[in-house]
Amino acid sequence: MSESLIRLRYRLWPDHLVGEILSKRWTETAIPAIVLIIVAVALSRAIPGFLSAAGLADTARQACEIGFCVLGMSLVIIVGGIDLSIGSMFALTDFCALYCLDVLNWPVWGVIPVTLVAGALLGAVNGVLVGYFRLRAFITTLITLIVYRAAYDLLIFGHSNQIAAAFPDIPSWNFLGGGGIFGIPSIVLVYAAIALFGHVFLTRLRPGWHIVAIGGSRRSAFNSGIPVRRTIALCYIASGFLTALGALFFAARLGTVGGDIGVGLEVTVLTAAILGGISLGGGKGSVAKAMIGTLIVLLITNGLTTLSAPGGVNRMVLAAILLIAAMIDIRWVKNRTRIISKVYVSPTYHAMPPIPSTAAGNGTPLALNDRLRDVSEIAVGRIEAPEDIILDGEDNLYAGSRHGDIIRFFPPDYERMEVYAHIGGQPLGMAFDRAGTLYACIGGMGLYRITRNHQVEKATDETNRSLRSVNDDSRLRLADDLDIADDGRVFFSEATVRYEMDEWPVDGLEARGNGRIICYDPRNGTTRTVLRGLKFPNGVSIAKDRQSILFAETWGCTVKRYWFAGPKAGRVEIVLENLPGYPDNINPASDGNYWLALVGMRCPALDLAWRMPGFRRRMAKRLPIDEWLFPNINTGCVIKFDEQGRILESLWDLGGVNHPMITSMREHRGYLYLGGIMNNRIGRYRLPNADPDFVQYDRRWRTAA
Amino acid sequence: MTKAEKSPRGESGRSPSAARVRRARGGLFRPSQQTIVFALFLVLFLIFSLSLHGFLTPDNMLTLLQNVAVLGILGLGMAVVVIGRGIDLSLIAALAVPPGLVLQMVQNGHTLSLALIAAFALGLALGLVNGWLIAYAEVPSLFATLASGLFLAGLGQAALFKLDVVQWSPGMNALTILGQGRVAGVPVPIVMFGFAAIVLALFLRQTRLGSFVYAIGDNPNAARIAGLPARPVVVLQYVMASLVGVFAGIVLAASVNSMPTRIYNSTLIYDVILVVVLGGIGLSGGRGGIVNVIIGTLLIGTMLNAMTIMDLSYSAQNLIKGLVLLIAIMTDSFLNPRNEETAQQGDI
């Protein structure tokens with residue numbers, strides 16, 4: 001009774017989503033966003049009409065004016081600098097716009113570009129000094145702050161009366177300052193366009209990535225050939241440009257050049273940027289963070305002004321909110337990854353029938369024996385982690401290695417070896433297509449192929465994104481094994497979409513259906529997911545009817561059959577279930593049956609733990625990872641089965657001397673070759689009564705339709 | 001620290017290795033920023049002495065120093081923090097609010113000693129809060145001190161002072177000597193600057209805590225791993241800075257006979273940072289000392305004084321000051337360019 005409740009609870013409640021949502025980058029902004037909501041709600045309750053349309057429009061104009069400056073500041077902070085001269089640049093460009101308009105009587109279409117170029121030039125001074133001359137950003141912009149402010153004071157001394165006396169009544173100018181489209185202020189439209197572009201720029205475009213890379217690690221960026229100096233200079237220019245844009249709208253709205261314009265603006269802007277979660281020191285930040293920070297600062301200052309709080313109280317409240325928000329935000333950003341690592345592993349309910357007996361002499365084909373004791377060994381100590389092995393018609397032996405190579409061994413004694421191809425990721429399952437091209441699943445990279453003249457090509461590394469997944473599951477994280485249909489389509493398994501190559505055993509702790517079967521069609525280059533929700537799908541082999549594949553589900557301890565063509569197309573049937581171990585690769589035997597590797601044997605402790613998800617979750621939260629209960633992958637065996645689901649024989653190495661760990665096997669001319677992902681050798685076992693001429697892919701393509 | 005411990009540091013301390021580095025870079029003489037700024041000061045001083053009438057007189061020299069004494073004292077407080085890889089923007093609030101509180105309390109009839117105790121307690125509290133926020137809550141120092149300074153200024157405005165300018169009252173007369181007295185013909189503010197400089201120089205160079213400040217500024221993580229009490233020392237830095245700020249404020253109030261609390265809104269904090277950084281104390285921490293503050297103060301003081309004699313407007317003074325400073329740091333960056341390989345992360 002209670003167990004069915006547990007089953008129901010784990011079937012209905014998606015535990016794994018919590019960790020996946022938290023590991024999204026945008027949750028870094030969660031705290032600033034919550035602060036913004038609290039501030040907005042508190043103020044709208046305290047001040048009647050605070051969130052009215054008219055009030056909002058006015059707030060929006062101010063917000064966007066400052067918002068442009070915050071965008072500029074954010075860009076500079078993300079690239080690893082700081083721009084303290086923003087307030088003075090704001091004042092100077094405000095003066096520039098009004099001087100051109102009121103004193104020189106230029107048309108508006110002339111004023112706008114001149115002001116923006118003036119801003120960009122002021123920023124370029126900072127940019128050249130900090131970027132090219134590599135002066136320190138803080139001290140340099142501090143000096144330009146003083147210089148620009150002094151220049152502004154000198155300029156308005158001569159012209160402030162002229163500007164104050166002029167009342168330009170130009171429709172386009174008024175549109176900038178107070179107009180709008182459908183009630184949306186003009187500045188908001190411009191700001192939205194710039195913010196949208198900024199977001200795409202920072203997250204999707206190469207220069208934006210360069211900026212984040214320089215902020216994240218200037219040295220690495222320099223070493224990887226990014227034009228560090230130019231990029232930094234351009235960021236300061238952009239900062240000046242954006243400030244000028246804000247000042248332009250400010251000039252159009254108010255039309256004044258008072259002495260205190262822009263004084264202390266750099267503090268407000270800096271506060272907004274940091275409050276939004278853009279970290280000083282660079283490398284972290286987004287447009288959304290800049291916007292949230294701007295809104296928080298502006299709402300607080302405006303709200304306090306509206307409440308007509310005395311200046312001192314105003315300052316105290318602002319300071320206190322800033323400090324508290326910054327403290328919480330820093331704690332959050334600092335501990336976020338720790339929280340994620342605690343909640344990401346989310347075990348689920350997984351019940352298995354009792355383990356079938358494998359006791360020696362119990363009369364079943366599974367009974368323990370010692371037949372693998374006398375396998376001969378190939379390349380002991382010269383290969384690491386041959387997960388799969390494959391042989392071609394000329395008896396060459398290919399095996400993957402942990403170092404990202406496919407190694408070729410030459411007959412007859414397989415002593416001589418060469419690097420057949422360097423891929424860069426660990427090769428797992430392999431198969432030959434009709435033309436002799438070697439297809440390989442590369443853990444962490446995807447599906448690759450190596451042509452006969454050693455050319456490495458990417459076949460595919462992404463599939464269609466499923467609609468309801470939180471993690472981006474379009475990338476292939478752990479392509480595992482494959483086989484090729486008669487029409488050339490490659491069916492391959494992806495073991496899990498939640499873990500990387502190096503953490504694959506953790507997926508066994510979850511025991512959720514995180515894996516899938518994917519089909520790659522080389523005729524048009526498309527990749528589609530055909531089956532999902534599988535418990536670590538692993539070995540794949542085309543069945544004899546050439547219309548279906550057999551695939552193993554490692555944590556499900558089953559072998560299933562999936563029809564991709566023919567009358568039963570789309571159906572899945574169970575071939576073997578409740579295996580005594582965790583099935584891995586499947587390959588055909590010369591007598592028409594199939595070989596199956598069991599990578600490890602089940603044990604009652606993990607079977608019990610699989611029925612107790614709460615226990616496993618507590619374990620994952622409270623214990624260090626090397627003390628977790630993991631599936632046994634030290635001892636396994638090879639079994640032979642037929643399509644009706646009968647186990648025909650099994651091969652064991654009882655003492656675990658020669659070949660205890662097996663992830664794959666391949667029959668070839670009377671021998672069975674054995675691979676293992678933890679091994680430093682390849683095993684070769686002489687099969688009695690086997691077809692001495694059997695070459696798997698020769699026979700496969702000779703008989704193909 | 002015993003003599004035995006001290007001697008190895010004296011023999012194989014910073015300067016020999018620095019000289020070795022310099023030799024390794026090609027044997028050329030590469031002046032440090034400190035040297036450049038000092039040279040610039042000497043050149044300007046020479047030019048002004050020759051060209052400006054009334055510049056090189058004993059009276060003007062004393063005026064020059066007196067005008068920058070407060071700036072110099074603030075620079076000393078800032079230097080301690082900057083050497084420990086921080087920055088204290090709340091220094092001006094510490095300058096304005098607690099001394100203002102002294103004046104206000106005495107005006108309201110409290111005794112001077114009580115007022116002083118209250119002021120230093122307020123300064124201590126500011127330093128402790130700053131230090132806690134930065135060392136324990138790990139808020140960036142730029143941001144923490146910005147907000148705490150804002151808070152303190154707001155507190156003064158809202159709750160402590162009746163007027164923006166707190167006037168001197170007769171009860172304060174015991175302190176007048178700090179601002180307007182003379183010792184052997186030298187104005188007391190200069191003496192106070194010298195006094196503070198000596199005390200802090202002894203702290204930084206001769207005490208164990210002082211070398212901890214350098215170690216933490218040089219590499220905070222290494223200092224922590226080496227077992228230094230990094231967090232308490234950071235708190236100590238900010239406490240010292242704000243107490244020095246309060247001290248500077250009292251000297252300022254005594255010399256102008258009032259406390260203009262709106263000084264918080266001025267750009268004085270930028271001048272303080274300029275004094276420190278221009279003198280050659282890098283913002284990345286662990287470098288420089290009290291000598292650098294004195295050099296920076298002398299340069300700024302000379303320029304301000306000469307421009308005042310030339311009767312330039314405040315804005316024009318700022319403009320020229322900024323340009324000269326820019327030239328100084330550009331020269332430094334040409335002679336000692338930053339290395340992309342060794343530039344520190346977050347080194348702004």
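Reader: Why is Arg561(A) called buried?
Author: The model is predicted, and in it Arg561(A) has a relative accessible area of 10%. Buried means under 20%, so Arg561(A) is buried.

Reader: What makes Asp545(A) partly exposed?
Author: Its relative accessible area is 29%. The partly exposed class runs between the buried limit of 20% and the exposed limit of 50%, so Asp545(A) belongs there.

Reader: How do you know that Asp545(A) forms a salt bridge with Arg561(A)?
Author: The closest N and O atoms of the two are 3.0 Å apart. A salt bridge needs a side-chain nitrogen of Lys or Arg within 4 Å of a carboxyl oxygen of Asp or Glu, so the pair counts. The pair links distant parts of the chain, 16 residues apart: Asp545(A) sits in the loop between strand 16 (537-542) and strand 17 (548-553) of chain A, and Arg561(A) in strand 18 (residues 558-563) of chain A.

Reader: What makes Glu20(A), Arg498(A), Glu510(A) and Arg512(A) one network?
Author: They are joined by salt bridges that share partners. Over all chains, a search of the whole structure finds 43 salt bridges.

Reader: Why do Asp395(A) and Arg669(A) tie together parts that are apart in sequence?
Author: Their side chains meet in a salt bridge of 2.7 Å, N to O. Asp395(A) lies in the loop between strand 4 (389-391) and strand 5 (397-400) of chain A, and Arg669(A) in the loop between strand 24 (664-668) and strand 25 (671-675) of chain A, so the pair ties together parts 274 residues apart in sequence.

Reader: Are these two partners buried, exposed or partly exposed, and why?
Author: Asp395(A) has 22% relative accessibility and Arg669(A) has 29%. Both values lie between 20% and 50%, so each residue counts as partly exposed.

Reader: Why does Arg338(A) count as exposed?
Author: Its relative accessibility is 51%. Exposed means over 50%, so Arg338(A) counts as exposed. Arg338(A) is placed in helix 15 of chain A.

Reader: What makes up the positive surface patch?
Author: Arg331(A), Arg338(A), Lys342(A), Arg618(A), Lys621(A) and Arg622(A) form the patch. At least two of its residues come from each of helix 15 (311-343) and helix 18 (613-622) of chain A.

Methods. Residues numbered from 1 in each chain as written. Chains lettered and ligands numbered in written order. Predicted model: local features only at pLDDT ≥ 70, side-chain atom pairs only at ≥ 80, totals over all residues. Heavy atoms only, no water. Patch = residues over 30% accessible without salt bridge, like charges linked within 9 Å, V, L, I, M, F, W, Y side chains within 5 Å. Areas by Shrake-Rupley, 256 points an atom, 1.4 Å probe, with all protein chains shown as cover. Lys, Arg positive; Asp, Glu negative; His and termini not counted. Charge placed at Lys NZ, Arg CZ, Asp CG, Glu CD. Helix = DSSP H or I, 4+ residues; strand = E, 2+ residues; numbered from the N terminus. Buried < 20%, exposed > 50% of the residue type's maximum accessible area, 1.4 Å probe, protein only.
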